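Here is a briefing on one structure. Look it over first, then read the notes by topic.

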Amino acid sequence: MHSDLESILKTAGQSVTKPRQAVFETLSHTDEPLKNGEIAKRTPQVDRASVYRTLELFTKLGITTTTIRGWTPFTELAEPFKPHHHHMICEHCGSVEEIASDTLEDVLTLIANRHQFILKSHTVELSGLCDSCSKSLPQPVAS
Ligand SMILES: [Zn+2]
Ligand SMILES: [Zn+2]
């Protein structure tokens, strides 16, 4: 893992610093995308500004990916550090479930091909109600 981080940084002409390793460490220990502030909170040994600068660099180098939810960016490790996946987010309790689906990937490629579009990356996020919330909330009346 770490040699990969090192080689990406070195290839980009960046040095491997303690703060960068610490932020990477934090990200590799969580399975859901985090707000940048939360990443800073979980990396107390690094000052907040350095955490933000590191995350900016990581995203630029493709080490992390950022998705915007509402108005808030959430960051997590990108491939090859994490297998390709998508998220299902519960609007009610905020729980996040990872989903990986070959069918979904195939369909996206198929759609792109049909439009003679070269697909390089994609973002797919599902939002709705998780199982336990959908059971506990009153169902909306169909109009
Ligand atoms: Zn829920
Ligand atoms: Zn995908």
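The largest cavity holds about 30 Å³ of space. In this predicted model, local features need pLDDT of at least 70, side-chain atom pairs count only at pLDDT 80 or more, and totals for chains, interfaces and linings use all residues. Residues are numbered from 1 along each chain as its sequence is written, chains are lettered from A and ligands numbered from 1 in the order in which they are written, and side-chain values use heavy atoms, without hydrogens and water.

**Cavity**

- One cavity of 30 Å³ or more turns up in a search of the whole structure.
- A cavity here is a set of points, on a 1 Å grid over the protein atoms alone, where a 1.4 Å probe fits but cannot get out; lining residues have an atom within 4 Å of a point.
- Grid points are joined across faces, edges and corners, and a volume is the space filled by probe spheres set on the points.
- The lining of the largest cavity consists of Leu27, Thr30, Asp31, Glu32, Thr75, Glu76, Leu77 and Lys82.
- Strand β3 (residues 72-77) gives the most to this lining, with three residues. Strands are DSSP runs of E with at least two residues, numbered from the N terminus.

- The largest pocket has a volume of about 410 Å³. Its lining counts 19 residues, and Thr65, Glu79, His84, His85 and His122 are the closest to its centre.
- A pocket is an open set of points with protein on both sides within 12 Å along at least five of seven lines.
- β2 (64-69), β3 and β4 each supply at least two lining residues of the largest pocket. β2 gives the most, with three.

**Sheet with β1, β3 and β2**

- These three strands form an open antiparallel sheet in the order β1-β3-β2. β1 (34-35) and β2 are the edge strands, and each pairs on one side only.
- Strands pair if DSSP finds at least two bridges between them. β2 and β3 are joined by six bridges, in the antiparallel sense.
- Thr64 has Leu77 as its bridge partner in β3.

**Sheet with β5, β4 and β6**

- The order in this open three-stranded sheet is β5-β4-β6, with mixed pairing. β5 (96-99) and β6 (125-128) are at the edges with a single partner strand each, so one side of each has no neighbour in the sheet.
- β4 (residues 86-90) and β5 run antiparallel and are joined by four bridges. His86 has Ile99 as its bridge partner in β5.

**Zinc ion (ligand 2)**

- The protein donors are His84 (NE2), His86 (NE2), Glu105 (OE), Glu105 (OE) and His122 (NE2), at 2.0 to 2.5 Å from the zinc ion.
- Donors are N, O and S atoms within 2.8 Å of the metal (3.2 Å for Na, K and Ca); water is not among the atoms, so sites may look incomplete.
- The sequence spacing of the donor residues is H-x1-H-x18-E-x16-H.
- His84 is partly exposed, with a relative accessible area of 32%. His86 is buried, at 3% relative accessibility.
- Buried means under 20% relative accessible area, exposed over 50%, and partly exposed in between (1.4 Å probe, protein chains only).

**Zinc ion (ligand 1)**

- Cys90 (SG), Cys93 (SG), Cys130 (SG) and Cys133 (SG) coordinate the zinc ion (ligand 1) at 2.2 to 2.3 Å. Cys130 and Cys133 are both buried.
- The donor residues follow the spacing C-x2-C-x36-C-x2-C.
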